[in-house]
Amino acid sequence: MTSLPLADLLGLSAALLGIGLFGILTRRNFILLLIAVEISMNAAILNFVIFSAFLSGDAGVNGQAAAVVLVGLAATEVAVGLAIVLALNRQRGSINVAEASSLKL
Amino acid sequence: MVSLVGIAPWSPEIVLVAAALLVFLLDTVGVKRSELFAGLASGAAALALLFVVADAGFAPFALVRTVDPSAVDAAPAGGLYAFSSLGLLFQAIFLLTAFFVALASASRPSDEKGSAIFHGLLLIATTGMLFVAVAADLVFLVLAIEVTSIATYLMVGYTRRDPRSLEAAMKFYIIGALSTALSFFGVSLLYGAFHSTSLVALSGALGGTTQPTLALLGFGFLLVGLGFKVTAVPFHAWAVDVYDGAPTDVSAFLAGGSKKIGVFAFFLVFIGPIAFFDARGAHCLTACGSVYNFHPTLAVSLGVLAILTMTIGNLLALMQRSMKRMLAYSSISQAGYMLIGIAVGTAPALAGATLQVFAHVFMKAGAFLLVAGFATIGIGPLIDDYRGLGARRPKASVAFALMLLSLAGIPLTVGFVSKFILFSAAVQAQGFFLVLAIAGLLNSAVSVFYYARVLKVMFMDRAEPVPAPLPGPPVAGGSEPAVLAAGGFGYGRATAIALATIAIVVFGIYPQPLIAAFQSAAEHFVLTGA
């Protein structure tokens with residue numbers, strides 16, 4: 001179970017967060033942005049699972065419970081994001097974030 | 001059988017959720033009347049407010065007290081939630097904002113599309129805010145913030161037809177999701193470092209863990225995530241576009257209410273058990289003299305964040321031509337003042353920051369509600385469009401002037417009281433915190449310029465003979481009966497604005513009971529850390 005060292009596993013989740021943040025900063029397509037957001041959320045969820053595997057008793061179970069709750073939360077957030085994408089697409093016929101720049105004065 | 005006693009403390013939340021479900025149900029069965037939904041929402045907020053004020057120990061309402069008095073301000077036990085006087089004060093502040101916004105929105109057209117969505121989500125968002133104020137666990141806290149965030153993303157874009165509000169919703173969503181991801185990543189690292197997500201486990205901060213690097217990273221990520229929520233300066237840019245593009249009643253709710261959950265989250269995470277307890281759980285005020293002898297780095301970094309936030313918010317507010325954008329930047333600079341309180345971290349400073357949050361309900365949410373009202377009677381979005389308004393709409397203009405004077409911190413307004421308490425707490429704390437007090441005073445002076453400019457435009461400048469008509473909706477609102485009532489705003493909005501204005505003056509002239517209540521709540525918070 002705990003044959004992999006903690007540092008390697010944390011490196012994986014840090015890489016996921018990095019990929020997610022990079023995507024959020026560089027992507028201009030709203031769907032790809034949603035995917036990037038989802039990847040960075042998953043980094044946090046993975047962290048909870050990793051730490052709970054190294055803990056025993058209540059402390060370990062708490063982390064797994066948090067992970068399950070977070071999966072539900074991430075799904076809710078993406079549902080709202082998709083609703084916004086649909087409304088944007090209906091209104092502008094485009095889901096390119098860079099084209100949405102009317103809020104300037 | 002389920003004991004009713006067990007769920008009694010959650011009466012405010014239950015009332016709000018029940019009202020929200022009723023609004024959605026009525027909308028589904030075809031009752032689509034905006035003023036009915038607004039009445040339900042403001043009624044539910046008022047009832048919940050009654051419960052919360054009773055729980056906070058306000059004697060005349062003792063009969064409807066739902067939380068066991070011994071459970072309020074109890075020593076931290078490490079559960080998911082804990083009731084504290086300060087948290088209850090924040091709950092009252094949040095409910096007051098929701099009440100004002102719902103009351104004002106009663107004046108919107110009866111057949112407005114999406115009205116049920118707006119009022120239902122307003123109640124759901126407020127429920128999330130109430131949960132933030134009782135959180136005692138990091139996962140609980142971030143989930144509660146998220147309940148509010150998800151509801152407010154939808155509120156910003158609920159009209160769906162207005163391209164500006166949809167664009168604001170999109171920006172709000174992206175930034176919100178980013179800040180959520182960062183907060184959760186921080187929480188997960190703290191879980192790894194402290195082996196628990198309870199706030200009590202954070203006692204002693206880096207001294208309480210065997211993995212200080214992990215804990216430091218966790219606190220850092222959480223600082224950035226929460227920094228987005230309170231619009232602290234490197235993470236502020238979204239707020240202006242969102243407050244500008246959102247329907248103005250929603251901006252009032254965001255600026256006056258939902259942004260402030262970040263302030264309380266800062267209290268919980270960076271002031272609570274961390275600041276007041278050492279790793280063994282002993283109370284730190286006795287052991288280490290001053291709280292920030294214990295955590296100088298944290299104090300200085302929060303202080304720098306506060307100075308940046310005030311200064312940059314103020315300087316950018318000076319350059320705005322649009323009323324809503326000016327108010328949005330002023331909202332950012334006001335967040336800087338609240339951060340002063342968090343950086344100083346003593347009981348008077350916390351009381352001052354909470355007072356500032358309280359004052360904001362009346363002056364900032366009130367100002368946005370008033371701007372929304374001015375828009376319904378055909379006043380344009382630019383500051384110059386308010387030219388000569390003092391002569392045409394004297395009562396509303398005086399109310400707006402009072403709100404701006406309160407934001408600037410002029411004596412005899414509630415905004416002065418909160419700033420006075422806040423800055424004098426920073427002066428008392430000595431050392432580095434003197435810099436914060438001076439920076440706050442200088443910034444207040446700068447802010448007077450842009451508020452006074454609006455006053456000058458409203459009262460000194462003569463209106464142009466023919467006001468430039470705006471493209472789109474008809475300029476004069478005389479054709480709609482609802483708009484004619486109460487000086488053109490509708491009775492709901494006029495009442496909300498009148499109440500806010502009265503509160504600004506009354507609490508400005510006679511603040512003693514208010515200060516006493518906030519001070520004692522802050523002292524309890526300092527003693528129990530929750």
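How many of the 25 residues of α2(A) are buried? In this predicted model, the count is 18, so that the helix is mostly covered.

The setting of this helix is simple. Chain A holds 3 helices and 0 strands. Along the sequence, the pattern reads α-α-α. Helix α2 of chain A covers residues 30–54. At 1.5 Å a residue, its 25 residues should span 36 Å. The C-alpha atoms at its ends lie 37 Å apart, which agrees with that expectation.

The overall form of chain A was examined next. Its C-alpha atoms fill a box of roughly 55 × 25 × 25 Å along the principal axes. The radius of gyration of chain A is 18 Å, whereas a compact globule of 105 residues would have a value near 13 Å. Across the 105 residues of chain A, 35% count as buried. Contacts within the chain were also sorted by sequence separation. Among those between residues at least 6 apart in sequence, 49% join residues at least 24 apart.

Chain A also touches chain B. The contact draws 33 residues from chain A and 36 residues from chain B. On the chain A side, the elements giving two or more residues are α1 (6–26), α2 and α3 (57–92). Of these, α3(A) gives the most, with 15 residues. By class, this side of chain A has 23 nonpolar residues, 9 polar residues and 1 charged residue.

Definitions and conventions:
Residues are numbered from 1 along each chain as its sequence is written. Chains are lettered from A and ligands numbered from 1 in the order in which they are written. This is a predicted model: local features need pLDDT of at least 70, side-chain atom pairs count only at pLDDT 80 or more; totals for chains, interfaces and linings use all residues. Helices (H or I, at least four residues) and strands (E, at least two) are DSSP runs, numbered from the N terminus. The expected span of a helix is 1.5 Å times one less than its number of residues. A residue is buried if 20 or more other C-beta atoms lie within 10 Å of its own, exposed if 12 or fewer, and partly exposed in between; C-beta atoms are placed from the backbone. Two residues are in contact if their C-beta atoms, placed from the backbone, lie within 7 Å. Ala, Val, Leu, Ile, Met, Phe, Trp, Tyr, Cys and Pro count as nonpolar, Asp, Glu, Lys and Arg as charged, and the others, Gly among them, as polar. The radius of gyration is taken over C-alpha atoms; the globule rule is 2.2 Å times the number of residues to the power 0.38.
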